[in-house]
Amino acid sequence: MCAIMAALPSLAGLSLKEHTTVPTATYPWEDMWSRSDVGALIDTAAGVLRRTNESPEDKKAAIEAITCPITRQLVVDPVVAEDENTYESAAIRQWLQSNYRSPMTNERMGDRLTPNRHARLMVEAAVKEEAVPSEDAAQWHISSAKLLASGDVPGGMSSAIEHLR
């Protein structure tokens, strides 16, 4: 696993498994970490993306890990499916309405989805560090603002407006 992918879960001193299984559809860091803790995690992840010794292949793998394999866009509301891959929530929910197989492996899987806050934080870090093309970052901000404004994720209108600045 490249340093970029390994960095974020270890920043909080807890295992990835502890952070990826949550009972609700809201972002669990709201209960676990203060806003300043989340900001520090994003800054640290951005620092990892900035490292000059990180190979282009590792950076590409990190960006692919935060890109939905269905939409081919940066995840806005990321979830982990039973196949252990990260998807955009709306895209995998739509997929699972008519498919009972993983879009990545074609193996049978159920419909249990778990929010993936690490992917969201990695996207925020990648956008902050300009590690993704500006068109992708702009699309991510617009999609995030729409999701926040709709009330589908916590944050509300003030957070939506921040994404559009």
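Which residue in strand 2 is the bridge partner of V79? The bridge partner of V79 in strand 2 is Y87. The report below sets this pair in the context of the chain.

## Basis of the model

The model is predicted: local features require pLDDT of at least 70 and side-chain atom pairs count only at pLDDT 80 or more, while totals for chains, interfaces and linings use all residues. Residues are numbered from 1 along each chain as its sequence is written, and side-chain values use heavy atoms, with hydrogens and water left out.

## Overall composition

The protein chain contains 9 helices and 3 strands. These elements are DSSP runs numbered from the N terminus, with helices being H or I runs of at least four residues and strands being E runs of at least two. In sequence order, the pattern is α-α-α-α-α-β-β-α-β-α-α-α.

The protein chain has 165 residues, of which 42% count as buried. Relative accessible area (1.4 Å probe, protein chains only) defines the classes: buried is under 20%, exposed is over 50%, and partly exposed lies in between. Contacts, defined as heavy atoms within 4.5 Å, also describe the chain: among those between residues at least 6 apart in sequence, 56% join residues at least 24 apart.

Strands of a sheet pair through backbone hydrogen bonds, either parallel or antiparallel. Here, 3 strands form an open sheet in the order 2-1-3, and the pairing is antiparallel. Strand 2 (86-88) and strand 3 (114-115) are the edge strands, each pairing on one side only. Two strands count as paired if DSSP finds at least two bridges between them; strand 1 (residues 78-80) and strand 2 are joined in the antiparallel sense over 3 bridges.

A65 belongs to helix 5 (residues 56-65) and is partly exposed, with a relative accessible area of 29%.

The loop between helix 6 (89-98) and strand 3 holds N106. N106 has a phi near 65°, a positive value in a residue other than glycine.

R112 is placed in the loop between helix 6 and strand 3. With a relative accessible area of 53%, R112 is exposed. Leaving aside residues up to four places away in sequence, R112 touches V80, A81 and E82. The C-alpha atoms of R112 and A81 are separated by 6.3 Å, although the two residues are 31 residues apart along the chain.

## Helix 7 against helix 8

Two packed helices are described by the angle between their axes and the distance between the axes. For helix 7 (residues 117-128) and helix 8 (residues 134-150), the axes come within 10 Å and cross at roughly 135°. Axes are lines fitted to C-alpha atoms, for helices over the stretch in contact, and angles run from 0 to 180 degrees between N-to-C directions. The two helices are therefore oblique to each other; angles under 35 degrees count as roughly parallel, over 145 as roughly antiparallel, 65 to 115 as roughly perpendicular, and the rest as oblique.

On the helix 7 side, R120, V123, E124 and V127 meet A137, W140, H141 and S144 of helix 8. By class, this contact has 4 nonpolar, 2 polar and 2 charged residues. Ala, Val, Leu, Ile, Met, Phe, Trp, Tyr, Cys and Pro count as nonpolar, Asp, Glu, Lys and Arg as charged, and the others, Gly among them, as polar.

The loop between helix 7 and helix 8 includes E130. E130 has a phi near 55°, a positive value in a residue other than glycine, and counts as exposed at 69% relative accessibility.
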